[in-house]
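Here is a short briefing on one protein chain. Keep the structure open as you read and find each residue as it comes up.

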Amino acid sequence: MTGRRPAAIDTVRFDEVEAFPPLAEIEHGQLFALSLSTSTTGFTHGLHRFAAKFVPQVPAWALDTFGSRTTLPRGRQVKPPSVVLDPFLGSGTTLVEAVQRGGTSIGVDVDPLARFIARAKVTAVDHDRIAALAGELGARWRAPSATLERPMPDVARFGHWFGPVQWGWVQSLRDTILALDCTDDERAFLLVVFSSTLRWVSNADDQSQKTYVSGTLPKTPPAVPATFDRFLRRAVGGLADLNRKRHSESVAVIPDDADATRLGLGPETVDLAVTSPPYLDSVDYPYNMMLEYFWLGPLLGVPDRKSFNALRRRPIGAKNPLPRLGLPPSLAGSVTLDAMPPARRAAAATYFTLMEHHFSEAARVLRPGARYAFVVGNSQTLVDMVPLHDALVGLAAAAGLTLERAFGYRIRRHYMKFPRNGRGGIILIDWVLVFRKGPAAGSPGALPRHWVTLAPGAVAH
């Protein structure tokens, strides 16, 4: 594929839909575009900005399609208590959808801030109580802190991100929330709303995923009190909507001591897995949430910059992983790392090996016949594309997870409004790979490789 120019994404055919159709009506390799009228921020989905979130329509589709019944060998069907797993939890999109449908949902992530946000999204706190605490908070929080203190002690040049006025207001807000007489769950919800405002009231660009302060397009941050008030009112409304829709028999579990290669679950205990894993060397999640970590890290077991830098090397897909692992032998010949920039080769090899370990662990905990809805996008540059979905399908198959069907959808939000001038490095199509534990009825065939980019001058929003 090297040397072939990518096509403009607007020349590729997408079937516009309000929601994904039933599995039987989806052709293998079919491409969809969710209507722009379809909300992706309802309930608590919009509580906090988080890099590379997948749209809630994906887990909603998977839960409605596969979540209520497990098909076992010889055609027997049972309807046990549904256990749904998201092994790459992120900010909790799958769990927000799961608590509306009942059963047990389990979310696993190595990122403590991600777990903190996800818990706030799904924990059943009383929205009226949060509204009352908001009134109490407003009565107490009347002025910025007079003495500025860096929230993470060894962060140099903190004023680069927060001017003194913004810094003082943010510091006093955090301290006032910590001093409230409330439950831990109530305080966590307020702290997540606090965290959700940080990017907007800082000097960092609002649209770039990275914590970037522009020198050519300087930002004038809005007032902290008005911004927090607006975000809090919206958060309380979303929580109220979720509480009204919350299933009475739903339980959400987010452990602190598990990861995607060590799920801590018994064998054959999961009815359905749904996830969007980190993509290959595409998003440095902790780095993109650096401002939030500066303010909340010491409360989440990340007390200083050294600890934060170590955390950045832990997630699957890290740009500078530790430890570094070799490419799985099963991918030799199908994934050519020589075509990648040298700095990315170690990250790619480690990524694939850790994903191999993850698929083995996922196959261990899934019940026979259970499905795994797995969302991934291909990594591409200006001159080539890494066929990520092909490699992951092979690794899953080796673990006993057979590809049953796959479809793609156009990503419609990228948090980047700078023209790309036809360059690659941005993922425009996500693939939903539906795996089944055990054999599937025939092979669906290879997926198409759509190598696409934005038109010159286009912006990715």
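This is a predicted model: local features need pLDDT of at least 70, side-chain atom pairs count only at pLDDT 80 or more; totals for chains, interfaces and linings use all residues.

The protein chain has 461 residues, and 55% of them are buried. It holds 12 helices and 15 strands.

**The whole chain**

- The chain exposes about 19300 Å². Carbon and sulfur atoms supply 53% of that area.

**Leu-265 and its contacts**

- Start with a loop. Leu-265 lies between strand E8 (250-253) and strand E9 (270-275).
- Which residues does Leu-265 contact, leaving aside neighbours within four places in sequence? They are Leu-85, Ile-106, Val-270, Arg-364 and Val-365.
- Arg-364 is 99 residues away from Leu-265 along the chain, yet their C-alpha atoms are separated by 9.0 Å.

**Trp-141 and Trp-169**

- The whole structure contains 26 aromatic pairs.
- One of them joins Trp-141 and Trp-169, with 5.5 Å from centre to centre. The angle between the planes is 90°, and the pair is edge-to-face.
- Why does this pair tie together separate parts of the sequence? Trp-141 lies in the loop between helix H4 (127-140) and helix H5 (164-179), while Trp-169 is in helix H5, so the parts it ties together are 28 residues apart.
- Are Trp-141 and Trp-169 buried or exposed? Both are buried.

**Trp-161 and Phe-294**

- The ring centres of Trp-161 and Phe-294 are 5.4 Å apart. Their planes meet at 65°, and planes over 60 degrees apart count as edge-to-face, so this pair is edge-to-face.
- The pair links distant parts of the chain, 133 residues apart. Trp-161 is in the loop between H4 and H5, and Phe-294 is in helix H9 (residues 290-296).
- Trp-161 and Phe-294 are buried.

**An aromatic cluster**

- Trp-161 and Phe-294 also belong to one aromatic cluster.

**A charge over a ring**

- Which ring does the charged end of Arg-234 sit over? It is the ring of Phe-231, and the charged end is 4.8 Å from the ring's centre.

How values were computed
Residues are numbered from 1 along each chain as its sequence is written. Side-chain values use heavy atoms; hydrogens and water are left out. Helices (H or I, at least four residues) and strands (E, at least two) are DSSP runs, numbered from the N terminus. Buried means under 20% relative accessible area, exposed over 50%, partly exposed in between (1.4 Å probe, protein chains only). Accessible areas come from the Shrake-Rupley method with a 1.4 Å probe; for residues, only the protein chains shown count as cover. Contact means heavy atoms within 4.5 Å. Rings of Phe, Tyr and Trp (its six-membered ring) pair if their centres lie within 6.5 Å; planes under 30 degrees apart count as stacked, over 60 as edge-to-face and the rest as tilted. A charge sits over a ring if NZ of Lys or CZ of Arg is within 6 Å of the ring centre and within 35 degrees of the ring normal.
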